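Please view the sequence and the structure together before reading the points below.

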Amino acid sequence: MLLSHTVVRWPDRMKTGLVFTMTARARSKPYSWRLWATVEVTGVCVHRHFDDIPACKAGHEPSRIEPGRQGWARIRNHAMRGNQATPEVTAERWRHPWTVVDVTCIESGRERLRTGSAPRQYRNAIEAELAEDNRYYDWLKLSAEQAGDERTPSQDEVWFRAKSAAYNRKLGMALANGDDPALLTVSDAEIKAEVPKFERRARQ
């Protein structure tokens, strides 16, 4: 898989041995499906620019990014301009590094979605970010349990838990007062006030 460094946090998380789950939604009449694959990272190769990838000594193959593909032109075009990217987003993707991530599939499957089901709608960008981080840490916890390992939360996770607590407190107040949740923000000072509580829990 190709990972743009414009994506917050994920490039730093991609380490050999990391296990995580990817999901996608597909339509096959008359049903919609949630496709999922649990994978393990087996290799990580960081490149300063996208155009460094084809010439890399590691020998990255376009067919492993897109089955049957022998050249990089279409992959490059999709990476830079995919998802209806604006010119500003495309420019950001050109400026930032890219990581090639090798993965091995551990398990995969599909689940039929109920008719009329829709993607989760978040109240604001903070809520969407917290939801993504929560999925990441849940999979770290599950992976450790499956391996029989004892896991101590990282400082990054402690910060996430503190931010989540601060946000949920402010959300409750906003809803009670009839304020617009879309305007909610959480300051570093509010997060830091919650950190000691979660640091104590991490040590227990």
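Two residues are in contact when heavy atoms lie within 4.5 Å. The model is predicted, so local features need pLDDT of at least 70 and side-chain atom pairs count only at pLDDT 80 or more, while totals for chains, interfaces and linings use all residues. Residues are numbered from 1 along each chain as its sequence is written, and side-chain values use heavy atoms, with hydrogens and water left out. Helices are DSSP runs (H or I, at least four residues), numbered from the N terminus.

**Helix 6 and helix 7**

- The axes of helix 6 and helix 7 (residues 188-203) come within 7 Å and cross at roughly 125°; axes are lines fitted to C-alpha atoms over the stretch in contact, and angles run from 0 to 180 degrees between N-to-C directions.
- Helix 6 and helix 7 are therefore oblique to each other (under 35 degrees is roughly parallel, over 145 roughly antiparallel, 65 to 115 roughly perpendicular, and the rest oblique).
- Their crossing is right-handed (the near helix is turned clockwise from the far one by less than a right angle; anticlockwise is left-handed).
- Residues of helix 6 including Trp159, Ala162 and Lys163 meet residues of helix 7, among them Ile191, Val195 and Phe198.
- This contact divides into 9 nonpolar, 1 polar and 10 charged residues (Ala, Val, Leu, Ile, Met, Phe, Trp, Tyr, Cys and Pro are nonpolar; Asp, Glu, Lys and Arg are charged; the others, Gly among them, are polar).

**Helix 5 and helix 6**

- Helix 5 (residues 125-147) packs against helix 6 (residues 155-177) at an angle of about 140°, with the axes 11 Å apart.
- Helix 5 and helix 6 are therefore oblique to each other, and their crossing is left-handed.
- Among the residues making the contact are Leu130 and Tyr137 of helix 5 and Phe160 and Lys163 of helix 6.
- By class, this contact has 6 nonpolar, 2 polar and 7 charged residues.

**The cavity**

- The count comes to 1 cavity of 30 Å³ or more (on a 1 Å grid over the protein atoms alone, a set of points where a 1.4 Å probe fits but cannot get out; lining residues have an atom within 4 Å of a point).
- The largest cavity holds about 50 Å³ of space, a volume being the space filled by probe spheres set on the points.
- Its lining includes Arg9, Arg13, Leu130, Tyr137, Trp159, Phe160 and Lys163.
- Helix 5 and helix 6 are the elements that give two or more residues to this lining.
- The lining residues divide into 4 nonpolar, no polar and 6 charged.

Definitions and conventions:
1 Å grid on protein atoms, 1.4 Å probe; cavity = no way out; pocket = protein on both sides within 12 Å on 5 of 7 lines; lining within 4 Å.
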